[in-house]
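Please read them alongside the sequence and the coordinates.

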Amino acid sequence: MAIPGYHGRVLDIDLSTGNIKSGALTPEDILLYLGGRGLATKLFFDRMEPAADPLGPDNVIIIASSPLVGSQAPTAIWGYMVFKSPLTGYLGGCNLGGNWGRAFKASGYDAIIINGCARQPVFIDLSPEKIEIRHASHLRGKNISESINLLTSQSPGSRPCQALVIGPAGENLVKYATVASDKYSLYNRGGSGAVFGSKNLKGIRVCGEEKIRISDKARYQASLDQANYLLKQSPITRRLMRELGTAGFVLLARHLNMLPHRNFLDAEPDVEKVKAISGEAIARCYLEKADSCYECPIACLRQTAIKTNDACLRCGQGPEYETVAMMGSACDIYDLDCIIRASYLAGELGLDAVSFGGTVACAMELAEKGYLTSGQSGDLELKFGRSELLEKLVELTAYRRGSGHLLAEGSYRLASACGHPELAMQVKKLEIPGYDPRASYAQALGYMTSPTGACHRRGGYAASLSLLGGNKGIPRFSLFQSPITIRNLQNTGIIQDSLGVCYVTGFAFGVEPWSRIVSSITGYDFSAARLEEIANRVASLERLFNLQAGLNPEEEGLLPSRFAEIPIMSEGKPRAISRENMLQMCRDYYRARGWNGNGRPGDSYLKAMKVEPKKAES
Amino acid sequence: MARQKWSADEDIFKLFHSIGHASLLSDIQDSHSGNMAMRWKNAQGKEVIVITATGSQKGDLEPRDLCYLSPVEIDSGYYQASSETDIHVKILSLPGAQASMHAHVKELVMATLDDQPAPKTPPPFIPVDPLAFYHLGPEIPVDWFAVPSGSPEMAKTIPARLKDHPLTVIYGHGAMTRGRTLKETFFNLCLASNAGYIVRLIERQIRSTRVKRHALKTPEKQEKNLPPEAPLPVGQCPELEDLRSKMKAAPESYFHFCPAPYNPDIENRCDFPEEEEIIKEFRRAGNRLFESRLSPFHTGSMSVRGVDYLFYAPQASMPYEVGAPLLKLPLAPEPGDDVELLLHKKIYAESDFQTLIHAYVPEAEAHAHLIYPGEEAPIEKIIPVDAEGSFMYLVIPVLPPKVAEDQLITSLSDYKVAVVRGGGVWAAGGLSLSEALHHPSSLREICLYRLAAVERGLDLRKMEPEKAKKW
Ligand code: SF4
């Protein structure tokens with residue numbers, strides 16, 4: 001019998017051959033890697049050839065669920081996906097909320113492994129009776145909501161089901177295309193949509209009603225009570241998120257000189273203009289209601305509406321903080337209407353708003369400096385502040401038309417094509433999200449050491465502690481403290497991703513309540529120390545994959561020179577991060593992780609971590 | 001040498017002012033009580049005694065409230081200085097005594113009161129907490145004086161006492177202490193006050209539970225058909241005396257470790273001036289420990305770890321105005337490290353914590369000695385009975401004094417905070433000092449509520465949530 005909290009089954013699908021196998025999940029993998037991100041990384045690592053072409057048939061996609069998903073634990077609905085990223089060439093990883101994670105778990109599997117490439121568009125149909133690879137030609141070219149509607153309205157036996165799909169951006173192999181469910185819940189960063197697209201995989205449909213077992217119900221209930229109490233107690237999870245959503249961070253970030261402005265040239269956009277794109281402005285003018293992922297008590301999502309040209313209302317979700325920061329102030333755009341329209345369209349076509357915004361900001365700077373030729377820009381007069389171009393650029397990018405062809409490659413390839421790669425604000429070719437690294441050294445280090453490139457969630461969300469850390473507030477400019485801080489934050493992220501819970505809970509509590517919940521569900525002792533150990537193991541495995549995929553620690557994604565050369569003002573002082581300080585923080589971080597000074601986990605460390613060196617080195 | 005009304009050295013004034021203010025915040029003075037004195041070399045290199053003026057408000061000193069006296073000859077300054085000047089001058093002539101201080105340490109005075117007829121011969125005070133036990137000694141003298149303020153009798157007895165003891169108690173009045181610095185004298189007085197408070201809490205705890213405990217019919221009593229015992233007679237507490245005599249006989253069995261001696265040589269050291277934000281965090285947390293009485297002045301320790309070094313405050317409880325040393329030390333153990341520092345290093349070596357605080361929360365120290373009615377051994381966990389505490393923690397482990405390091409580390413991993421009976425409170429933070437600070441602060445409240453319940457005769461067992469008992 002499977003360990004409580006798990007089904008003990010893994011589905012293995014080869015799209016090239018059409019083979020479908022169901023295998024057993026080993027207790028060892030569970031106890032060492034837990035679930036979600038940890039489990040997905042392990043399954044990926046064991047199967048993936050590191051040098052394989054990310055857009056070739058050998059790329060492996062793993063989607064894994066977690067022991068808490070399917071329980072009543074607050075926010076435990078997330079699923080995690082791992083793949084080799086076509087944008088970075090390294091590990092790709094992201095998670096997804098909404099309803100899909102829970103529905104996938106109810107299908108009776110803990111993980112799904114997808115490799116190979118279908119000859120024509122297909123979708124995977126997963127139901128209690130049957131698992132099939134089915135034709136999806138009728139879905140080709142359809143946007144996200146159309147595809148989801150078509151798949152879910154034609155489910156076998158008209159049972160409720162959920163779907164995970166790509167939009168045109170994924171089909172057109174845009175390097176930062178997303179995979180989406182629930183219309184707007186996304187596996188957003190690193191180009192998972194392009195990997196689906198490269199496999200001719202339009203989506204996955206799941207339905208099922210399998211439940212998980214709970215090992216110790218009394219203890220489970222007590223620990224749930226505690227977690228729910230703490231969520232209700234924190235003003236951020238109780239109020240701020242519900243009332244303003246993540247866009248509530250916009251003004252806070254501006255006040256801390258953390259909000260990017262004009263492709264990170266500075267961090268001081270005009271406060272009055274920023275107010276126009278703030279969470280408060282969204283709540284005042286566009287919010288229909290606070291929305292949530294499945295039964296989440298926090299409800300940070302925004303259901304908004306804008307007026308169309310014919311005065312009708314068009315509803316959608318968001319925008320989130322990242323979208324506002326990257327399509328807004330990073331592009332010097334403060335027209336909320338335009339940002340929302342573009343954000344809706346990006347969601348529908350399947351584009352990651354962060355990478356898209358970062359790439360457009362980069363294009364605007366390149367164009368203003370005369371480095372982007374009119375041929376490259378497709379005769380669009382790109383300039384900071386041109387809000388009216390946003391929606392158009394989304395479309396061009398998703399369909400790779402005109403200037404969209406270059407934009408679809410991401411900022412680094414775009415800037416390189418223009419001869420100025422230094423103007424791409426990225427790390428490992430992944431665009432830096434909406435927190436200026438000069439305003440938080442720990443966040444800067446997080447971007448540099450994140451396994452997936454400049455991602456605040458995988459890299460450790462240090463910026464959130466500057467914004468709303470409460471008693472976890474950390475020094476923003478400490479070279480001494482940042483390496484341990486970022487290791488610990490990354491570990492917390494790995495634990496949340498592996499448990500399938502939302503990062504927003506981190507504003508209310510840390511790992512201990514989760515440790516109690518997962519222990520009570522599984523009946524195994526997942527103490528906080530053990531969860532930390534799992535996180536260290538997962539981080540090492542992610543690192544190993546990147547090293548094997550060609551990452552050179554000596555040249556490892558440092559921040560672009562802009563962040564060393566142009567200081568921003570913060571707390572009354574000019575703040576920049578010299579190259580020397582970047583290198584020093586990275587070296588300290590490696591040692592904080594227990595890796596060698598050159599950023600490689602050593603044999604003895606891997607042995608202590610129970611990472612099999614044979615598999616690791618093969 | 002007369003009082004130099006307007007030429008007070010700025011540094012010496014700041015020192016007196018800050019200690020005076022801190023002593024008021026510690027509630028060891030009333031508005032005008034107590035006095036402080038120290039030997040000091042003035043700008044001309046001449047040694048003088050600086051002493052607070054009689055009737056001055058120690059919590060809010062003005063430059064004119066400091067008097068500068070010759071240590072060898074009586075001058076007019078004597079008449080403006082403290083009424084206890086003679087005693088101070090004599091104390092300051094003791095070898096190594098650079099400073100002396102007198103304060104109304106009410107908690108200790110209350111703990112030493114008796115109802116014997118005068119003239120009294122009070123017994124020495126025996127502390128039951130490690131700080132006072134090791135820093136002030138296992139027996140703190142208590143003397144009764146017919147004229148207990150500035151009398152020749154006191155001027156004779158007190159300096160003699162302070163030859164052999166760092167601090168001595170004036171029955172019904174306060175305490176007098178000597179030190180190498182003024183901060184050390186304040187440190188001694190705070191420990192004395194804290195020791196009195198802990199003894200009183202334990203006594204109240206024993207008295208309140210004794211009624212219940214002795215009313216319980218043990219099988220032995222039932223067999224012999226013995227009646228339940230009567231409550232304790234006023235003024236006696238055999239269980240407390242028993243604890244004291246056992247501690248005196250074998251302190252190593254009752255205390256986690258012997259704290260390092262007070263070190264006045266590192267007073268103003270700061271090894272990491274470039275890390276302004278971390279310094280600010282240390283000072284904020286240290287001030288909170290002090291002001292909220294989570295640890296007596298300059299006791300406890302806190303640290304923030306880096307990769308090769310840790311930033312370490314060995315005298316954690318520090319009022320803003322007074323401060324404390326902030327050291328940068330290698331993370332690897334070194335010869336000469338004291339037990340407390342080694343424990344910080346060991347915990348970091350075995351965990352991912354970024355911050356640690358060790359504080360001597362008096363309420364937790366006292367409460368850790370609670371024995372539930374009908375039980376033989378002290379509690380092993382503190383179960384909050386207040387709403388917030390019970391959701392934040394469910395339970396907080398109470399570890400035995402001889403706890404193994406590994407067990408302490410495991411407890412910290414699981415609970416982030418642990419009480420060591422006879423060893424204070426350890427708390428850990430994943431990221432910030434503030435996070436670690438929250439634990440002793442919450443714990444103090446949790447213990448206060450539980451202590452209040454005990455005192456009111458409520459049944460704690462009934463109040464503790466069932467889910468926590470099973471935890
Ligand atoms: S907090 Fe927001 S993103 Fe997280 S689970 Fe709840 S609704 Fe979803």
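1. Between domain 1 of chain B and domain 2 of chain B there are two residue pairs in polar contact, both at pLDDT 80 or more; a polar contact here is a pair of N or O atoms within 3.5 Å, where within protein one must be able to donate a hydrogen and the other to accept it, and residues adjacent in sequence count only if both atoms are side-chain atoms. The side of domain 1 of chain B that touches domain 2 of chain B draws at least two residues from each of helix 1 (10-25), helix 5 (130-135) and helix 7 (182-215) of chain B, helices being DSSP runs of H or I with at least four residues, numbered from the N terminus.

2. As to provenance, this is a predicted model, in which local features need pLDDT of at least 70, side-chain atom pairs count only at pLDDT 80 or more, and totals for chains, interfaces and linings use all residues. Residues are numbered from 1 along each chain as its sequence is written, chains are lettered from A and ligands numbered from 1 in the order in which they are written, and side-chain values use heavy atoms, with hydrogens and water left out.

3. The two domains of chain B, domain 1 (10-194) and domain 2 (268-469), have bounds that come from an automatic or database domain assignment. They bury about 1,400 Å² between them, 66% of it from carbon and sulfur atoms, buried area being the accessible area (1.4 Å probe) that two parts lose on being put together, summed over both. Of the area that domain 1 of chain B buries against domain 2 of chain B, Leu25(B), Leu131(B) and Lys183(B) supply 32%, more than any other three residues.

4. Between chain A and chain B the buried area is about 3,000 Å², with 55% given by carbon and sulfur atoms, and the contact (heavy atoms within 4.5 Å) takes 39 residues from chain A and 33 residues from chain B. Four salt bridges are found across this interface, each a side-chain nitrogen of Lys or Arg within 4 Å of a carboxyl oxygen of Asp or Glu; Lys573(A) and Glu276(B) meet in a salt bridge at 2.9 Å, N to O.

5. There are 18 residue pairs in polar contact between chain A and chain B, both residues at pLDDT 80 or more. Helix 7 of chain A gives the most to the side of chain A that touches chain B, with eight residues.
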